[in-house]
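Subject: Structure for your review

Dear colleague,

Please find below the structure that I am handing over to you. The findings follow directly after it.

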Amino acid sequence: MGNLDLIAQIAASIRRERARAGLTQTELARRAGIAKSTLSQLEAGTGNPSVETLWALGGALEVPFSRLVDPPRAGVRVVRAGEGPATRSEQADYTATLLASCPPNARRDVYRVAAEPGEPHLSGAHLPGTTEHVILSTGRALAGPADDPVELAPGDYVAYPGDAPHVFRALAPGTTATFILEHT
């Protein structure tokens, strides 16, 4: 999927979820803590949202991040390395690629994350009851609660509350990880 296709899909998803929630653009922007003009651009398909903006919108709409970037669909799905709907962070050298969205009546999403040393990716609290699972594939990283992350090496796994502030910080070039977000 090209970047323009992804932006159009995100625009349609935001409009759909805002209508489902019965919110005006002004109210959704206020709840998400973003400018109304930013929301208007995103819904028009002329903006390029960051990971942080999409998480804020998902939280304000009370839907998983994945519902905004990749609505659930049936069938076999293969996502090759370097493909898939990728969103970048405004704060760090961090890119999250959605691998599997939460199908109807299930509550989990799977992401591949690529990050480079530098600024950490700080995440605010996700929806209540969210747990994040991280499996480090390559490199080294700090992951977990913002005030007490753990250092991971390839093959290491950590789970922590995703409904509290948390961090992911690459400690080596070419760091990659698989994230699974459970929503209970």
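In this predicted model, helices H2 and H4 pack with their axes 8 Å apart, at an angle of about 110 degrees. H2 is therefore roughly perpendicular to H4. The contact involves Leu28, Arg31 and Ala32 on the side of H2, and Ala56, Leu57, Ala60 and Leu61 on the side of H4. The crossing of these two helices is right-handed.

Leucine 57, which lies in helix H4, is buried, with a relative accessible area of 0%. Leaving aside residues up to four places away in sequence, leucine 57 touches Ile14, Leu28, Ala32, Ile34, Leu39, Leu42 and Leu68. The C-alpha atom of leucine 57 is also separated by 9.4 Å from that of arginine 18, a residue 39 places away along the chain.

H2 passes H3 in a right-handed crossing. On the H2 side the residues that meet H3 are Gln25, Thr26, Leu28 and Ala29, and their counterparts in H3 are Lys36, Leu39, Ser40 and Glu43.

Which residues of H2 are buried? They are Gln25, Leu28, Ala29 and Ala32. Seen down the axis of H2, these buried residues fall within an arc of 100 degrees, so they line one face of the helix. After H2 comes glycine 33, whose phi is positive, near 75 degrees.

I turn next to the charged side chains. Side chains of opposite charge can pair when their charged atoms come close. How many salt bridges does a search of the whole structure find? The search finds six.

Two of the salt bridges involve glutamate 27. Arginine 30 forms a salt bridge with glutamate 27, with 2.5 Å between the closest N and O atoms. These two residues are three apart in helix H2 (residues 25-32), and about one helical turn separates them. Arginine 31 also meets glutamate 27 in a salt bridge, at 2.8 Å from N to O. Arginine 31 and glutamate 27 are four residues apart in H2, again about one turn of the helix. An α-helix has 3.6 residues a turn, so residues three or four places apart point the same way.

The exposure of these side chains is as follows. Arginine 30 is exposed, with a relative accessible area of 56%. Arginine 31 is partly exposed, its relative accessible area being 46%. Glutamate 27 counts as partly exposed as well, at 22% relative accessibility; the cut-off for a buried residue is under 20%.

Glutamate 151 pairs with arginine 140, and their closest N and O atoms are 2.9 Å apart. Glutamate 151 belongs to strand S7 (residues 150-152), while arginine 140 is in the loop between strand S5 (130-138) and strand S6 (141-145), so the pair ties together parts that are eleven residues apart in sequence. Both are partly exposed: glutamate 151 has a relative accessibility of 48%, and arginine 140 has one of 36%.

A last point concerns the backbone. Which residue other than glycine has a positive phi near 60 degrees? It is glutamate 62, placed in the loop between helix H4 (51-61) and helix H5 (65-69). Glutamate 62 is exposed, with a relative accessible area of 65%.

In summary, I would draw your attention to these points:

- The buried residues of H2 line one face of the helix.
- Glutamate 27 takes part in a salt bridge with arginine 30 and in another with arginine 31.
- Leucine 57 is buried, and its contacts include Leu28 and Ala32.

Kind regards

Notes. Residues numbered from 1 in each chain as written. Predicted model: local features only at pLDDT ≥ 70, side-chain atom pairs only at ≥ 80, totals over all residues. Heavy atoms only, no water. Salt bridge = Lys/Arg side-chain N within 4 Å of Asp/Glu carboxyl O. Buried < 20%, exposed > 50% of the residue type's maximum accessible area, 1.4 Å probe, protein only. Arc of directions from axis to C-beta. Left-handed = near helix turned anticlockwise from the far one by under 90°. Contact = heavy atoms within 4.5 Å. Axes fitted to C-alpha atoms, helices over the stretch in contact; angles between N-to-C directions. Parallel < 35°, antiparallel > 145°, perpendicular 65-115°, else oblique.
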